[in-house]
Every structure is written in C-alpha cells, then in structure tokens.
Amino acid sequence: MSDATKSYKSFDAASLLPGGASIHRLSALMTLLLLVVGFALSSQAFFSVNNGLTILLQTSVIGLLGIGMTMVIITGGIDLSVGSVLALSGVVSALAVKAGLPVVPAMGCGILAGAACGAFNGLVITRLRIPPFVATLGMMLIARGLALQITGAVPISGLGNAFGILGNGALFRMVEMRPNGFPKVIFPGIPYPAILLLIVAIAGAYLLHRRQIGRHIFATGSNEEASRLSGVRVDRTKLYAYTISGALAGLAGNVLMSRLVTAQPSEGVMYELDAIAAAVIGGASLSGGVGTISGTMIGAFIIGILRNGLNMSGVSAFIQQIVIGLVVIGAVWIDQIRNRP
Amino acid sequence: MSQTPLVEMIDIEKHFGGIRAVDHVSVDLREGEVVGLLGHNGAGKSCLMRILSGAMAPSGGEIRIRGEAVHFSEPNDARDMGVETIYQTLALADHLDAPANLFLGRELKTRFGNLDDKAMLKAAREVLARLNPNFKNLHDPVSSLSGGQRQVIAIARAIYFDTKVLIMDEPTAALGPSETAMVAGLIKELRSAGIGIFLVSHDIHDVFDLCDRVVVMNKGRLVGSHHIDEVSKDDVLSLIVKGELPMDWSARNLKAAQ
C-alpha cells in the first residue's frame with residue numbers, strides 16, 4: 001500500500017501544505033508546477049497578478065465542490081448532483097433576495113437548500129439502499145429541474161450590489177481615485193472566494209483527521225461491513241458526508257452567482273466532473289478509504305490552471321475538454337500502477 | 001453451578017424467508033467457561049453467534065445477560081453489555097492503522113471532542129505488546145500486515161474493553177502453529193479471568209483441547225450439549241454429521257459412571 005493510505009491521520013502543517021507524506025500528492029504538485037512553468041513560458045499574460053487572482057476565483061468553486069466530493073468519495077460513494085445543486089442553491093438565494101430578505105440570510109437559505117439536497121441523497125442511499133451513482137444521478141436531474149422550474153428558466157438579475165460582494169470583493173484591496181474620475185487599482189487584494197476556500201479546506205481537513213466523524217468516514221469507505229460490526233453508524237456517517245457535499249455545493253453556488261450578480265438556473269453543468277477529477281487527481285480512490293483535502297486542493301488547481309492556461313493560449317473549449325479528460329484518465333492510471341502489488 | 005449463567009439464549013429463532021437458520025435453540029454460558037460450538041457450514045452456529053453479538057436481530061426468543069433480559073439492535077448494544085466478538089473475517093478497516101482499528105467505533109477523545117490519537121496509540125502499544133511482543137507496525141495501514149498480526153489486532157480489540165463474554169468465530173482458521181498456540185494460551189488465560197467464551201469452530205481437535213463443554217448444531221437445531229468428559233470425538237462427529245449420538249453412547253456412559 002502506498003503512503004497515501006496512511007495520511008488519514010497526519011493532520012499537521014505538512015498535510016495542509018502541498019507535498020506532505022503522500023507520493024501521489026507530490027507527483028500531482030510537480031504536475032501543477034510544470035503546468036505553471038509551461039503556461040508562463042507560452043503566454044506572457046498568464047504569469048500576472050491579475051491572472052493569478054482569476055485562477056484563484058475560478059478554482060475556488062471547483063475547490064469547494066471538491067472538498068465535499070472528497071468526503072463522499074472516501075466513504076466509497078460518489079456525488080453526481082453537485083453541479084445541479086449549485087445552480088438550485090444560487091437560484092434559491094436569489095429568489096430569497098428578491099423576496100426581500102437581506103443578503104446574508106438569503107444566502108443561508110441557498111446553502112440550506114443545498115444541504116437539504118445532500119441529505120436527500122444520503123437518505124435515498126442509506127434508507128432505500130440505492131447505489132450512490134444512481135441516487136445522485138436522480139438528484140442531478142431533480143435539482144436542475146427544480147432550479148429551471150422555479151425561475152421559469154430565466155436568469156434572475158438586478159440583485160443589488162450587496163449580492164455581489166461575496167464573489168467580487170477582496171480583502172486588502174487598495175483603490176485610488178485618479179483625477180480623471182476613474183479608479184486605479186493599486187493592489188487587487190485577496191478575493192473573498194479564495195479566503196473562503198482556505199477556511200473550508202482547513203475545516204474539512206480538521207473534520208476528516210481530528211474528529212470521530214472523519215475517522216468513521218475513512219472506516220466506512222475502507223470496509224463498510226467491518227465498520228458496522230465495530231459499532232460505526234455507517235448510515236449516519238454517509239448521511240453526514242452527502243449533506244456536507246450538498247451544503248458545500250450550495251456555498252459554491254452562492255459564490256458563483258454572486259460573482260455574476262445574477263442567478264443562472266443553467267449554471268454549473270458538468271461541474272461535478274471537475275470536482276470528481278480534482279479529488280481523483282489529488283489521490284482520492286473511487287473504491288473508498290483513501291483521499292485528502294490537500295490533494296484535492298492541488299487537483300482543483302491543476303484543473304483551474306489547465307482551463308485558464310489553455311484559454312490564455314487560445315486553445316478552444318472543445319480541445320480543453322479533451323485535455324482534461326486525458327488528464328483524469330492519466331491520474332487514475334498512475335494511481336493504479338502505484339497500488340499494484 | 002447454582003449461580004445465574006452469564007449468558008442465556010432461550011428459544012432463539014431466525015428465519016430467512018421460509019428457511020429456518022436457527023430453530024428454537026437454547027444455550028447458556030457460565031463465567032470462566034469455554035463452550036465449543038460445532039456444526040457443518042450452514043448449521044446455524046455463525047447465525048446464532050451473530051444474534052448474540054448484535055449483528056443480526058433474532059426472529060424470536062430471548063437473550064439474558066446475568067439473568068437480565070437484553071435487546072441487541074446493533075453491535076454497540078452487545079458491546080455495551082460486555083459481549084465482544086472476534087469475527088472470522090476479522091472485521092478490520094484496511095486503510096486504517098492498528099490503533100484506529102482497535103478503537104474503531106469507540107474512539108478516545110480529548111476534552112474538546114477531538115480524537116485523542118496519542119492516548120489511543122499508547123493503549124494500543126500496550127495491549128498489542130502483551131499479545132505479541134514483536135508487534136511494531138503501529139502506523140501502517142493494517143492491509144500491509146500479516147495474517148497473524150491482523151488476528152492479533154482483532155483479538156486485542158475484543159479483550160481491551162471490559163469484556164465479559166467473548167465470541168470467537170474460527171479464531172485459528174488462518175493462523176500458523178505458533179500463532180494457534182498463542183490463541184490457545186490466551187483462551188486459557190481469559191477463562192481463568194472469569195470470562196465466558198463461545199468458540200465457534202469446525203476443528204473438533206481444537207474444541208476438545210480448549211473447551212469445557214461442546215454444543216453441536218445441525219440444520220439449525222441444537223442436537224447436543226455435553227460436558228467434554230461425557231463424549232468422545234467420534235460421538236461428537238456423529239452429532240455433527242448425523243445430528244444424533246451413536247446408538248451405544250448411553251450404554252457406554254452408564255458403564256463409565258458405574
């Protein structure tokens with residue numbers, strides 16, 4: 001077995017920073033650095049502060065989805081519904097704002113809606129004994145349908161400036177007004193989504209490595225029957241994992257819709273695949289029991305940078321899909337070789 | 001032996017559809033007693049033990065621990081009453097290390113509710129060293145350990161907590177000779193500490209070496225419960241295979257008593 005399998009316990013600085021004990025993570029990190037160097041050489045604009053911030057923003061959505069996805073994948077499941085739940089949550093938040101709620105409680109409603117979708121997934125999987133793939137595929141359609149139905153498939157705009165702060169604001173932003181009346185940005189600041197991602201990542205790693213529920217998430221994915229016989233409440237553990245995944249999809253939806261200051265019911269299609277790819281590239285095993293938040297963060301950045309870098313180099317969106325598909329297959333293939341006796 | 005038995009399983013039934021896996025079986029177990037549970041595969045012995053360990057709910061009947069009726073709806077209920085089980089599959093989570101497996105489902109926590117890995121590691125080191133002084137791989141996932149080491153973890157988990165009743169399901173099936181001897185020594189040690197043990201096995205020699213009493217099941221029914229001195233291996237074999245004692249058994253026994 002590889003180093004990655006024992007990293008479930010190593011919650012220290014090294015497990016949050018890239019390149020901890022895991023060989024897989026190290027190789028993923030090397031890939032990430034190679035990508036950065038490669039794109040920096042091929043495009044001048046890539047290696048700039050502004051583009052760095054754009055990447056941070058883009059990655060934060062994949063990263064948030066990826067954290068929830070990692071927990072679900074460690075239990076041995078999968079959550080195909082996060083892209084649709086993201087859209088539904090954003091729409092619910094926007095409708096709540098339109099109904100007169102202040103922005104913060106309105107976004108809370110959106111996140112709750114996401115958590116409810118996740119809990120529904122968990123209940124279908126544990127009570128009705130439906131495989132996660134099928135249960136969350138169902139939710140993928142249900143949440144998307146709901147989002148389209150309650151909006152009439154029309155984007156909700158005119159949400160006010162406050163709605164855009166989460167997605168567009170930044171900490172330590174320095175702006176100076178020039179004599180001609182246009183603002184000049186001296187330092188763009190650290191975007192709120194990036195800060196949010198960091199906080200959620202740390203919280204997620206803490207949950208997985210330092211709390212009983214995290215230990216049980218690993219145990220459930222490692223050997224479900226053994227865990228049940230050992231007194232682990234396997235069903236409740238799964239329910240938690242899917243609920244967290246749903247809530248984080250809701251949070252990601254709010255970040256995304258806030259960035260656009262518009263709620264798009266058709267937003268987030270295929271995002272679940274980015275999230276799964278991020279987790280798998282980061283070393284999570286689809287057969288369960290293995291995965292780390294730090295690995296998933298590296299995976300999310302690999303995908304974010306790939307997308308951004310290919311855009312900057314003028315590669316078409318179609319080719320991008322082909323490249324990312326190959327990267328995912330490659331990552332899993334390397335994982336298979338590594339685990340072969 | 002007038003004291004209340006440690007465990008009484010009374011008139012236990014278990015159906016799967018039309019199949020009677022356990023058919024009105026009553027057994028008991030006293031403190032410091034080792035009872036061997038024998039039978040073919042599918043005779044219902046594992047099923048009976050899964051009911052006692054809380055992994056399976058009975059269709060009917062009653063379980064008493066020290067005379068008190070209990071209801072086990074999940075394994076933790078049985079463990080809370082001091083009933084521990086060593087499963088034939090060992091029931092280990094492969095990706096976790098030995099301390100995590102030892103405390104799985106009842107992790108030690110710090111004051112703030114965090115996992116207390118230091119305390120669990122320390123306790124695991126002590127209990128594992130007692131069973132096997134050479135046990136050193138405390139940080140490796142248990143999937144990388146040998147069969148014997150995995151067995152030691154499963155045993156440690158069953159005896160570390162305040163155990164009163166121990167169910168061992170084929171504990172020596174996957175072990176080499178020296179490890180089997182270790183398990184045999186352990187069973188004797190636990191018996192003298194007053195723990196009651198159900199030893200599920202189909203190795204009749206093991207049972208005769210270690211047990212005080214032998215209980216035989218055949219096609220879901222209890223076909224015999226005898227003190228080990230009352231029966232020969234051939235008698236027990238007859239019980240296992242045919243579900244009854246040989247014709248001459250009572251005559252022989254009568255003669256022996258005279």
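At what angle do helix α3 (residues 49–74) of chain A and helix α12 (residues 271–281) of chain A pack, and how many Å apart are their axes? The angle is about 65°, and the axes are 8 Å apart. Axes here are lines fitted to C-alpha atoms over the stretch in contact, with angles from 0 to 180 degrees between N-to-C directions.

Before going on: this is a predicted model, where local features need pLDDT of at least 70, side-chain atom pairs count only at pLDDT 80 or more, and totals for chains, interfaces and linings use all residues. Residues are numbered from 1 along each chain as its sequence is written, chains are lettered from A and ligands numbered from 1 in the order in which they are written, and side-chain values use heavy atoms, without hydrogens and water.

Back to the helices, which are DSSP runs of H or I, at least four residues, while strands are runs of E, at least two. α3(A) and α12(A) are therefore roughly perpendicular, a term for angles of 65 to 115 degrees. Residues in contact (heavy atoms within 4.5 Å) include Leu65(A) and Met69(A) from α3(A), and Tyr271(A) and Ala275(A) from α12(A).

Now chain B. All five residues of strand β7 (residues 165–169) are buried, so β7(B) is largely enclosed by the rest of the structure; buried means under 20% relative accessible area with a 1.4 Å probe, protein chains only. Val165(B), Ile167(B) and Asp169(B) point one way, Leu166(B) and Met168(B) the other.

Four bridges join β7(B) to the parallel strand β6 (residues 83–86) of chain B, with Ile86(B) opposite Met168(B). Five bridges join β7(B) to β8 (residues 196–200) of chain B, also parallel.

How values were computed
Buried < 20%, exposed > 50% of the residue type's maximum accessible area, 1.4 Å probe, protein only. Pairing = 2+ DSSP bridges. Parallel < 35°, antiparallel > 145°, perpendicular 65-115°, else oblique.
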